Structures are given as structure tokens and as C-alpha cells.
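Please look over the following chain before reading on. The paragraphs below go from the overall fold to the confidence values and then to a single residue.

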Amino acid sequence: MTNEPSSVQPGSPPRPILNAFFLPRGLLGRLGGRLMARSLPQQREIADLLSNPGTNLCEIGCGPGVLGALLAESHQQLRLHLIDPSPIMRSQAARRCQQWQSNSRLDISDGTAANFPFPTRPATPSSPSTI
């Protein structure tokens, strides 16, 4: 037992679950990423809902990059921006999406929805917002 204060708040998951899924790190984070990558059928359903995603799309919390890879594969015109705060998830996404990164159709950045790594501007019906 240590005297370190816990960063886990009452009612939140125990630390091993946090390390594996909420901000994946260490061995549990790598294992969590592999488990998340097994959600291919669910990710495919989400990708199928985006029949016309436009030319730029940002996925915040991309995890191991499964959805990004599916979208890059099925929408050749699409430029993807994947964002995740976990170095382990960004690493797994980079391996999974390497072919699209090499031709500059996809990039992966550190960030969260609260700490967005791109400039923002409001979308209007007359001028859609792009990244």
C-alpha cells in the first residue's frame, strides 16, 4: 500500500480498467488496444453510416485506428485526422493506418476533445468547416 493519492474518483473504474481502456498505458493499455481492435463489426457499421463523409474528417478518441482504416479504405477522397491522448493507441493506429499515412491521406495527433490540436472555426450552411 502506498500513501499516494489516487487519481481515481469515487464511482469510476478501478485503475487496471483505466490503464487498459480510458487512457491506455503500459501492458494493460496494449492489451486494451488489441481488445478494442476486435470491435471490427461495430466499427464497420459506423463506417457504413457515413455514406458521404466529405473531404475531411476528424475522429477524436481514435483508439487503435480501426474506424480510421475502414474509412480510409472505403473513401478515397477522404483526408482523415485521428486524435487520441494515449501514446499506445496512437502507436497502434499508426501501424494499422501506415499505408494512408505514407501518402498523406491520414495523420495522427495527440489530443482530446477538450484539448483539440487544430484551429477551430464554426461551421455554417454556406461554408462547411474543414480542418
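How many helices and how many strands are there in the chain? This is a predicted model, and the chain in it has six helices and three strands. Read from the N terminus, the order of these elements is α-α-α-β-α-β-α-α-β.

The chain has 131 residues, of which 36% are buried. Of the contacts between residues at least 6 apart in sequence, 56% join residues at least 24 apart.

The mean pLDDT is 74, and 58% of the residues reach 70 or more. Strand S3 (residues 106-109) has the highest confidence, at a mean of 94, while helix H1 (residues 15-22) has the lowest, at 54. Over residues 1-8 the pLDDT is below 50, and this stretch makes five contacts beyond near neighbours in sequence. Residues 125-131 also have a pLDDT below 50, with ten contacts beyond near neighbours in sequence. Where pLDDT is low, the predicted coordinates should not be read in detail.

Gln76 counts as exposed because its relative accessibility is 56%, and the cut-off for exposed is over 50%. The side chain of Gln76 reaches back to the backbone oxygen of Glu73, at 2.9 Å. Trp100 lies 24 residues from Gln76 along the chain, and the C-alpha atoms of the two are separated by 9.9 Å.

Definitions and conventions
Residues are numbered from 1 along each chain as its sequence is written. This is a predicted model: local features need pLDDT of at least 70, side-chain atom pairs count only at pLDDT 80 or more; totals for chains, interfaces and linings use all residues. Side-chain values use heavy atoms; hydrogens and water are left out. Buried means under 20% relative accessible area, exposed over 50%, partly exposed in between (1.4 Å probe, protein chains only). A polar contact is a pair of N or O atoms within 3.5 Å; within protein, one must be able to donate a hydrogen and the other to accept it, and residues adjacent in sequence count only if both atoms are side-chain atoms. pLDDT is the predictor's confidence in each residue, from 0 to 100. Helices (H or I, at least four residues) and strands (E, at least two) are DSSP runs, numbered from the N terminus. Contact means heavy atoms within 4.5 Å.
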